[in-house]
Amino acid sequence: MRNDASPPALETGEPIDALIARRLSALRQAQGLSLAELAERSGVSKAMISKVERAQSSPTAVLLGRLAAGLGVPLAQLLTHDEGRDTQRLRPRAAQAVWRDPGAGYLRRQVLERGTAGGIELVEVELPRAAQVAYPRWSGKPYRQCLWLLEGELQVDYGEDRFRLASGDCLDFGVDRALVFQALGDGGCRYLLVADQDLRPR
């Protein structure tokens with residue numbers, strides 16, 4: 001499985017925790033939500049949200065998923081810059097923002113940000129052996145995703161439905177139900193996630 005020894009820093013040099021803090025605060029305020037209101041929507045405590053917004057805590061993928069769901073926005077909006085999206089045709093690997101979950105070791109590479117090609121977003125994910133990441137149902141407008149498993153084995157729980165994928169398999173689903181991704185086998189897995197915010201789940 002492909003793995004970078006050290007994920008590249010953001011082009012601006014801004015620490016990832018500082019970027020998450022700034023984006024979370026901006027998105028919450030843009031919706032006119034208090035810390036207490038976002039806490040109620042997301043199931044994340046007011047104290048923890050405050051710590052994340054002050055860059056005093058390195059949030060996990062599960063925590064960020066809950067916050068994104070509470071805000072009704074794609075996870076990428078908490079991990080990438082919203083201004084000045086790159087419109088160049090070529091997007092070198094070195095220029096793609098990378099984030100690693102400090103707990104599970106989940107590695108997320110933003111191959112293509114939403115807005116550079118309409119409503120489509122491309123994300124490469126690496127899950128270490130036995131790693132599991134869970135996301136609640138999104139509170140905003142649901143959208144569709146398509147997962148193509150590149151390496152390894154993966155189990156996806158989509159609400160009450162369970163799917164077991166082998167290398168090369170493709171799964172079409174949405175964010176209208178709770179989701180759990182779990183790496184199976186001995187070597188973890190790697191997959192490409194394509195999200196289309198312009199299409200509703202089937």
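Q: How many cavities of 30 Å³ or more does a search of the whole structure find?

A: Let's start with the general idea: rolling a probe the size of a water molecule over the atoms shows where empty space is left. On a 1 Å grid over the protein atoms alone, a cavity is a set of points where a 1.4 Å probe fits but cannot get out, and its lining residues have an atom within 4 Å of a point. Grid points are joined across faces, edges and corners, and a volume is the space filled by probe spheres set on the points. Here the search finds three cavities of 30 Å³ or more. The largest cavity holds about 220 Å³ of space. Before we go on, note that this is a predicted model, where local features need pLDDT of at least 70, side-chain atom pairs count only at pLDDT 80 or more, and totals for chains, interfaces and linings use all residues. Residues are numbered from 1 along each chain as its sequence is written, and side-chain values use heavy atoms, with hydrogens and water left out.

Q: Which residues lie nearest the centre of the largest cavity, and which elements give two or more residues to its lining?

A: The lining has 19 residues, and Leu75, Arg108, Tyr135, Gln145 and Leu193 lie nearest the centre. Strand E3 (120–127), strand E9 (179–184) and strand E10 (189–196) each give two or more residues to this lining. Such names come from DSSP runs, numbered from the N terminus: helices are H or I with at least four residues, and strands are E with at least two. E10 provides the largest share, four residues.

Q: What is the order of the strands in the open sheet of six?

A: Two strands pair if DSSP finds at least two bridges between them. In this sheet the order is E1-E2-E3-E10-E5-E8, with antiparallel pairing. The edge strands, E1 and strand E8 (170–174), each pair on one side only. From one strand to the next, the twist averages 20°; the axes behind such angles are lines fitted to C-alpha atoms, for helices over the stretch in contact, and angles run from 0 to 180 degrees between N-to-C directions.

Q: Which residues stand opposite each other along this sheet?

A: Let's walk across it. Strand E1 (residues 98–100) and E2 are antiparallel over three bridges, and arginine 100 faces leucine 107 in E2. Five bridges join E2 to E3, with glutamine 110 opposite valine 123 in E3. Eight bridges then join E3 to E10, where glutamate 121 stands opposite alanine 195.

Q: Is glutamate 124 buried or exposed?

A: Buried means under 20% relative accessible area, exposed over 50%, and partly exposed in between (1.4 Å probe, protein chains only). Glutamate 124, found in strand E3, is buried at 8%. Glutamate 124 and leucine 193 are 69 residues apart in sequence, yet 6.2 Å apart in space, C-alpha to C-alpha. Strand E2 (residues 107–112) is mostly covered too, with five of its six residues buried.

Q: Where is a positive phi found in a residue other than glycine?

A: Most residues other than glycine have a negative phi. Alanine 55 has a phi near 55° and sits in the loop between helix H3 (46–53) and helix H4 (61–71). Alanine 130, with phi near 65°, is in the loop between E3 and E4.

Key: 1 Å grid on protein atoms, 1.4 Å probe; cavity = no way out; pocket = protein on both sides within 12 Å on 5 of 7 lines; lining within 4 Å.
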